[in-house]
Amino acid sequence: MPLFQRTQQTITVTVLAGTFLYAAIRYNIIKGVAWEHFPLFISNKAIALASVAFIALSYMLGPLARFWPQTMVPLLPARKFFGLLGFGLGAVHGLMSLLLFTPANYPKFFLADGTLNVTGELSMVFGIFSLLIFTAVALTSLPSIAASLKVDQWQFVQRLGYAGLTLVLLHVITMGLEGWLKPATWPGRLLPISLVAAIIIAAALLLRIIVLISPGTYGSQKNK
Ligand code: HEM
């Protein structure tokens, strides 16, 4: 098996194991959420974080390859896999969230009359539009669609993913900011998952900004 495929598998298993473990430790073990809520409610948090991690990673590999070409260039073909995996998990997270979407599960999104408050309205609209953007990006990775696009058109749609990541950042800021500012309430002093996601997205956006300031060649190749 080629080295990049083995690395791709290792990263995938590590991220998935890490996010599920983190969610179980933070919520089930330390906070005391009943294990019967693990399959959907807690897994949804892990899946959301894994989605962010994989999408961010797929956007970080190009910029990283500029700084560590020997290590990172062989991994560039994995961008498509991580991007599509992250998109798939984001879609699953959206679906799971809709099933769970009740005031009893998410009191912070609802008013007393059962309608959404401004936090719920804003964070959900950001989440839904981010998914729309990632759908467009994923579609352009289909060989038939990619072949019909000029390189600059394909690149434009791929780079829309940064707008998608920015929307996910807004999705988690609107729902999480209040909690982020109260570290004394964090179970086991472990960072909220929304904050971990925000840090990962901020890192991906920062890397992109660094690349924009010092343009180069890696990371802009069409990788259908
Ligand atoms: C239809 C689109 C979406 C809907 C309806 C939605 C809904 C939700 C809901 C209800 C939560 C709160 C979960 C909780 O606190 O347990 C949440 C959190 C989150 N969402 Fe989304 N989301 C959508 C899209 C996305 C996408 C595409 C991503 C990632 C690429 C994403 C990443 C996250 C993250 C990281 C959290 C924080 C989880 C936590 O704090 O435990 N969401 N979303």
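Predicted model: local features only at pLDDT ≥ 70, side-chain atom pairs only at ≥ 80, totals over all residues.
1. On overall dimensions, the C-alpha trace spans about 50 × 35 × 30 Å along its principal axes. Of the 224 residues, 32% are buried. Taking contacts between residues at least 6 apart in sequence, 73% join residues at least 24 apart.

2. The pairing of helix H1 (residues 3-30) with helix H2 (residues 38-67) has axes that come within 9 Å and cross at roughly 135 degrees. H1 is therefore oblique to H2, and their crossing is right-handed. On the H1 side the contact is made by Val 15, Leu 16, Thr 19, Phe 20, Ala 23, Ala 24, Tyr 27 and Asn 28. H2 contributes Phe 38, Ile 42, Lys 45, Ala 46, Leu 49, Ala 50, Ala 53 and Phe 54. Sorted by class, the contact of H1 with H2 has 13 nonpolar, 2 polar and 1 charged residues.

3. Helix H5 (residues 118-139) and helix H7 (residues 151-180) have axes that come within 8 Å and cross at roughly 160 degrees. An angle over 145 degrees counts as roughly antiparallel, so H5 is roughly antiparallel to H7. H5 passes H7 in a left-handed crossing. Residues of H5 in the contact include Leu 122, Phe 126, Gly 127, Phe 129, Ile 133 and Val 137. Among those of H7 are Val 157, Leu 160, Gly 161, Gly 164, Leu 167, His 171 and Met 175. By class, the contact of H5 with H7 has 14 nonpolar, 9 polar and no charged residues.

4. Pro 187 is placed in the loop between H7 and helix H8 (193-213). Leaving aside neighbours within four places in sequence, Pro 187 is in contact with Arg 26, Ile 30 and Lys 31. Leu 111 is 76 residues from Pro 187 along the chain, and the C-alpha atoms of the two are separated by 25 Å.

Conventions:
Residues numbered from 1 in each chain as written. Buried ≥ 20, exposed ≤ 12 C-beta atoms within 10 Å, placed from the backbone. Contact = placed C-beta atoms within 7 Å. Axes fitted to C-alpha atoms, helices over the stretch in contact; angles between N-to-C directions. Helix = DSSP H or I, 4+ residues; strand = E, 2+ residues; numbered from the N terminus. Parallel < 35°, antiparallel > 145°, perpendicular 65-115°, else oblique. Left-handed = near helix turned anticlockwise from the far one by under 90°. Nonpolar A, V, L, I, M, F, W, Y, C, P; charged D, E, K, R; others polar.
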